[in-house]
Amino acid sequence: MMALCLCAVAQVQPSDTVRREVMLSTSMGDIRIALANETPQHRDNFLRLVGEGAYDGVLFHRVIKDFMIQTGDLGSKDAKKGKLLGGTPEKHKVPAEICFPRLFHHRGAVAAARESDRVNPKRESSASQFYIVYGYNFNSAELDIVEHKLDSVSGGKIKMTPEVRQAYLEKGGTPHLDGGYTVFGEVVAGMDVVERIQVVETDAANRPKEDVRIIKATIVK
């Protein structure tokens, strides 16, 4: 079975035996994230931003029920209510490290946001914006449809393994994003907080009407 893996530049080093972890202390509770060693450029970029305090005060600016919660727009910290967010200019991008099917969009996966294929054919990631997957539980028929679509758009390169398929059936997620975005971590504690955030009331641009923000991001491991 063919599988997509664009992580040739992301070979795990012998010293990468421990997964680094970050705590996001948000206005709705704590979310603990473990970072993947298979995506070292994303891992190190994320740790650098956390260490610099870049995420302290940023908003969850895009929230879609049964899909995901997105944050990391560094220009969102002092944004007035109703302001359209997500477009703050960035000085660089992070090269794609797509390691499907090892890393996929199950519920709780943490992945980098990015611009569309039209302007970003290499699928490079935002320097700071990321999202946490919530999604929903699929049944077999629904997964068959998603698999067919992924197979068509990828020319047969994106194939779910039995393990990935079972995870979507049991745990849920957003399988239609597989192969298109770099997954670089997962929530290991605080999915109840993610669940509460993904159902908050939002405006027409999917920004929460009442600000939900990261108060402090801390490297804890």
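Helices and strands here are DSSP runs, helices of at least four residues and strands of at least two, numbered from the N terminus. The model is predicted. Gln70 belongs to strand E4, which spans residues 68-71. Asp56 sits in the loop between helix H1 (40-51) and strand E3 (60-64).

- Neighbours within four places in sequence aside, the residues in contact with Gln70 are Leu59, Phe60, His61, Arg62, Ala113, Gln129, Phe130 and Tyr131.

- Asp56 counts as buried at 19% relative accessibility, because buried means under 20%.
- The side chain of Asp56 makes a polar contact with the side chain of Lys216, at 3.1 Å.
- Not counting residues up to four places away in sequence, Asp56 touches Lys77, Ile214, Ile215, Lys216 and Ala217.
- Strand E10 covers residues 214-219, and the residues touched by Asp56 include Ile214, Ile215, Lys216 and Ala217.

**Packing of helices H2 and H3**

- Two packed helices are described by the angle between their axes and the distance between the axes.
- Helix H2 (residues 140-154) packs against helix H3 (residues 162-170) at an angle of about 130°, and their axes are 10 Å apart.
- H2 and H3 are therefore oblique to each other, because an angle counts as roughly perpendicular from 65 to 115 degrees and as roughly antiparallel over 145.
- The crossing of H2 past H3 is right-handed.
- From H2, the residues Ser140, Leu143, Asp144 and Glu147 meet Arg165, Tyr168 and Leu169 of H3.
- The residues of this contact divide into three nonpolar, one polar and three charged.

**Backbone features in loops**

- Most residues other than glycine have a negative phi, and most peptide bonds are trans.
- The peptide bond from Phe100 to Pro101 is cis, with omega near 10°.
- Pro101 is found in the loop between strand E5 (93-94) and strand E6 (109-112).
- Arg123 is not a glycine, yet its phi is positive, near 60°.
- The loop between E6 and strand E7 (125-126) holds Arg123, which is partly exposed with a relative accessible area of 27%.
- Asn206, also a residue other than glycine, has a positive phi near 70°.
- Asn206 lies in the loop between helix H4 (191-197) and strand E10 (214-219).
- With a relative accessible area of 25%, Asn206 is partly exposed, because that class lies between the limits of 20% for buried and 50% for exposed.

- Gly155 is in the loop between H2 and H3.
- Its relative accessibility is 65%, so Gly155 counts as exposed.
- Gly155 and Pro208 are 53 residues apart along the chain, and their C-alpha atoms are separated by 37 Å.

Methods
Residues are numbered from 1 along each chain as its sequence is written. This is a predicted model: local features need pLDDT of at least 70, side-chain atom pairs count only at pLDDT 80 or more; totals for chains, interfaces and linings use all residues. Side-chain values use heavy atoms; hydrogens and water are left out. Contact means heavy atoms within 4.5 Å. Axes are lines fitted to C-alpha atoms, for helices over the stretch in contact, and angles run from 0 to 180 degrees between N-to-C directions. Angles under 35 degrees count as roughly parallel, over 145 as roughly antiparallel, 65 to 115 as roughly perpendicular and the rest as oblique. A crossing is left-handed if the near helix is turned anticlockwise from the far one by less than a right angle, and right-handed if clockwise. Ala, Val, Leu, Ile, Met, Phe, Trp, Tyr, Cys and Pro count as nonpolar, Asp, Glu, Lys and Arg as charged, and the others, Gly among them, as polar. Buried means under 20% relative accessible area, exposed over 50%, partly exposed in between (1.4 Å probe, protein chains only). A polar contact is a pair of N or O atoms within 3.5 Å; within protein, one must be able to donate a hydrogen and the other to accept it, and residues adjacent in sequence count only if both atoms are side-chain atoms.
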